Amino acid sequence: MSDARRFLESLLQVAIAAAHPRACLVPALPVPPPAPGRVVMLAAGKAAGSMMEGAEAHYLDHHRLPPDRLTGVGVARHGYGRPTRVVPVVEAGHPVPDAAGLAAAEKALALAGAAKDNDLVIALLSGGASANWIAPAPGITLAEKQAVTRALLRSGAGIGEINTL
């Protein structure tokens, strides 16, 4: 391996480490609410597992938040899940949404809707969230959403166009 290649690979590793949720997300997380308030963490996208893993460690270890005051759900692309301690991270379809993503979106909406005034709700979103966290409008089925997504992908539509539709 050439010196130039080693140097470029070391730059890549530094950039990846700097963009990892442990480095850039955790310092931006707010302090937890006073008891009995809960932290409700809702995450979606390819980095949902890593974001949830870092946020859990922040609240459980750094702030010593009791596990019963931490709740939520995360959804990541198949193969991108991470081992979490309290808040589950499920894997779902990407780029074509699936039933697991629909169920996770429904759970996230229910958790956000049930939050009390003294709870802190945190939404953690990364690339892929639009496929992993789906909530079709009333009257649109998951199968219809999948068919439209597949057609848009075949047409060469970009992510901005797909999300707009």
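User: Which residues have the most contacts inside the largest nonpolar core?

Analyst: This is a predicted model, and what follows should be read with that in mind. In soluble globular proteins, nonpolar side chains tend to be buried together. Here the largest nonpolar core has 19 residues, and those with the most contacts inside it are Leu29, Val39, Met41, Tyr59, Leu70, Ile122 and Leu124.

User: Which element gives the most residues to this core?

Analyst: The elements that contribute two or more residues to the core are strand E1 (39-44), helix H3 (48-62) and strand E2 (70-77), and strand E4 (120-125). Among these, the one that gives the most, with six residues, is H3.

User: What does Val39 touch, leaving out residues up to four places away in sequence?

Analyst: Val39 is one of the residues with the most contacts inside the core. Once the residues up to four places away in sequence are set aside, Val39 touches Pro32, Pro33, Tyr59, Leu65, Arg69, Leu70, Thr71, Leu120 and Ile122.

User: Where does the residue Arg64 lie, and is it buried or exposed?

Analyst: Arg64 has a positive phi of about 55 degrees although it is not a glycine. Its place is in the loop between helix H3 (48-62) and strand E2 (70-77). Because its relative accessible area is 64%, and over 50% counts as exposed, Arg64 is exposed.

User: Where does Pro95 lie, and is the peptide bond from His94 to Pro95 cis or trans?

Analyst: Pro95 is found in the loop between strand E3 (89-92) and helix H4 (99-113). With omega near 10 degrees, the peptide bond from His94 to Pro95 is cis.

User: Which element gives the most to the lining of the largest pocket?

Analyst: The largest pocket is lined by 22 residues, and Ser130, Lys145, Thr149, Ile162 and Asn163 lie nearest its centre. Helix H5 (129-132), helix H6 (142-155) and helix H7 (159-164) are the elements that give two or more residues to this lining. The one that gives the most, with six residues, is H6.

User: How many nonpolar residues are in the lining of the largest pocket?

Analyst: The pocket itself has a volume of about 420 Å³. Sorted by class, its lining has five polar and two charged residues, while the number of nonpolar residues is 15.

How values were computed: Residues numbered from 1 in each chain as written. Predicted model: local features only at pLDDT ≥ 70, side-chain atom pairs only at ≥ 80, totals over all residues. Heavy atoms only, no water. 1 Å grid on protein atoms, 1.4 Å probe; cavity = no way out; pocket = protein on both sides within 12 Å on 5 of 7 lines; lining within 4 Å. Points joined across faces, edges and corners; volume = space filled by probe spheres on them. Helix = DSSP H or I, 4+ residues; strand = E, 2+ residues; numbered from the N terminus. Nonpolar A, V, L, I, M, F, W, Y, C, P; charged D, E, K, R; others polar. Buried < 20%, exposed > 50% of the residue type's maximum accessible area, 1.4 Å probe, protein only. Core = buried A, V, L, I, M, F, W, Y, C linked by side-chain atoms within 4.5 Å. Contact = heavy atoms within 4.5 Å.
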